[in-house]
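Here is a short briefing on one protein model. Keep the sequence and the structure in view as you read.

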Amino acid sequence: MADLPGIVIMGVSGRMGQMLTHTVLESGKARLVGCVERPGHPWVGQDVRAAMGGVPVGVTVTDEPIDAIAQAQAVIDFSTPAASVGIARLAAQARAVHVIGTTGFSPEDLEQIRLAARHAIVVRAGNMSLGVNLLVQLTRRVAAALDADFDIEVIEAHHRHKVDAPSGTALMLGQAAAEGRGVALDEVSERGRDGLTGARARGAIGFSAIRGGDIVGEHDVVFAGEGERIVLRHVATDRAVFARGALKAALWGQDKKPGEYDMLDVLGL
Ligand SMILES: NC(=O)c1ccc[n+]([C@@H]2O[C@H](COP(=O)([O-])OP(=O)(O)OC[C@H]3O[C@@H](n4cnc5c(N)ncnc54)[C@H](O)[C@@H]3O)[C@@H](O)[C@H]2O)c1
Ligand SMILES: O=C(O)C1=N[C@H](C(=O)O)CCC1
């Protein structure tokens with residue numbers, strides 16, 4: 001048991017933090033050695049599983065990530081962009097694998113993570129599920145097979161609490177479509193249509209977001225042509241798919257060289 005990789009979970013009280021805690025504790029493949037929440041959070045100082053309403057497991061939630069990460073082989077981090085950028089530096093110093101599921105990063109944040117990955121193993125993906133990463137590859141292939149007579153639209157739906165749009169997954173799918181088509185996403189992306197927008201630009205890749213209720217995560221990539229339409233769809237019904245992927249990434253990263261990886265690397269897709 002002591003040989004199993006020690007895992008720290010960032011943002012432990014969150015929707016994903018709680019799912020990750022359960023997944024790591026039940027896995028038999030890793031040890032839970034630390035849980036981190038933001039300063040002032042009511043869980044700080046409590047046993048993590050007691051805070052979740054269960055039997056204590058001897059891991060106290062802390063707001064001091066340095067101490068927790070110093071004894072870990074990996075940090076699994078589904079928190080906020082600001083927190084994840086800070087943790088990237090600490091994980092690099094501790095030589096711990098940093099698995100980043102957080103979404104909503106600015107280009108400046110991504111540059112900070114890229115710098116940390118010169119010294120650390122970082123696995124970052126806007127979606128850690130097997131199904132979505134397969135959909136990314138299918139999207140790339142379909143986009144490569146069709147020309148701009150087919151309009152590409154990415155439509156996503158998530159729960160009412162989600163704070164970023166388009167979702168990290170939608171951006172992964174848009175990026176894959178752009179790569180398949182041989183264009184730069186920044187140059188063709190169309191977001192947030194409202195009012196007298198004019199006709200759709202040929203070759204655009206459009207994004208639309210729905211927010212409501214408890215939707216876990218749904219993504220459609222639509223290829224709309226004259227007289228026919230292809231729709232590639234993924235529906236997540238359980239956050240466990242993201243948590244399982246994140247734990248797989250943390251274990252996969254243990255023997256890798258420093259660098260920035262994604263779930264396609266982890267899953268060998
Ligand atoms: N990549 C994926 O597969 C995937 C899947 C689901 C969610 N996400 C992303 O993960 C992130 C979290 O999602 P969620 O639904 O769990 O959100 P959430 O708001 O429920 O949880 C985020 C947690 O982070 C904590 N936090 C904030 N600042 C912190 C800090 N400085 N130190 C420690 N903890 C801190 C918050 O208190 C909160 O508990 C979002 O960016 C979301 O888009 C990614
Ligand atoms: O619940 C969320 O938030 C999710 N975020 C990821 C995204 O932005 O794509 C993955 C799906 C769930």
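I155 has S208 as its bridge partner in strand β9. The model is predicted, so local features need pLDDT of at least 70 and side-chain atom pairs count only at pLDDT 80 or more, while totals for chains, interfaces and linings use all residues. Residues are numbered from 1 along each chain as its sequence is written, and chains are lettered from A and ligands numbered from 1 in the order in which they are written.

**Strands**
- β7 (residues 151–158) and β9 (residues 205–211) pair in the parallel sense over seven bridges.
- Strands pair if DSSP finds at least two bridges between them.
- β8 (residues 189–191) also pairs with β9 in the parallel sense, over three bridges.
- There, E190 stands opposite G206.
- Strands (E, at least two residues) and helices (H or I, at least four) are DSSP runs, numbered from the N terminus.

**Domains**
- Domain 1 covers 6–124 + 239–267, and domain 2 covers 130–236.
- These bounds come from an automatic or database domain assignment.
- The C-alpha centres of the two domains lie 28 Å apart.
- Eight residues of domain 1 are in contact with 10 residues of domain 2.
- Contact means C-beta atoms, placed from the backbone, within 7 Å.
- Helix α10 (263–267) and helix α9 each supply at least two residues of the domain 1 side.
- α10 gives the most to that side, with three residues.

**Nonpolar cores**
- The largest nonpolar core has 56 residues; I7, V8, V75, V99, V122, A246 and A250 touch the most other members.
- Helix α9 (residues 240–252) gives the largest share of this core, eight residues.
- Such a core is a set of buried Ala, Val, Leu, Ile, Met, Phe, Trp, Tyr and Cys residues joined through C-beta atoms within 7 Å.
- Buried means that 20 or more other C-beta atoms lie within 10 Å of the residue's own, with C-beta atoms placed from the backbone.
- Leaving aside neighbours within four places in sequence, A246 is in contact with L20, I76, V99, G101 and M128.

**Ligands**
- Ligand 1 is surrounded by 25 residues, and the closest are G11, G14, M16, A83 and G101.
- A residue counts as near if its C-beta atom, placed from the backbone, lies within 6 Å.
- Helix α1 (residues 15–27) gives the largest share of this shell, three residues.
- Around ligand 2 are T103, G126, N127, H158, K162, S167, G168, T169 and G217.

Conventions: A residue is buried if 20 or more other C-beta atoms lie within 10 Å of its own, exposed if 12 or fewer, and partly exposed in between; C-beta atoms are placed from the backbone. Two residues are in contact if their C-beta atoms, placed from the backbone, lie within 7 Å.
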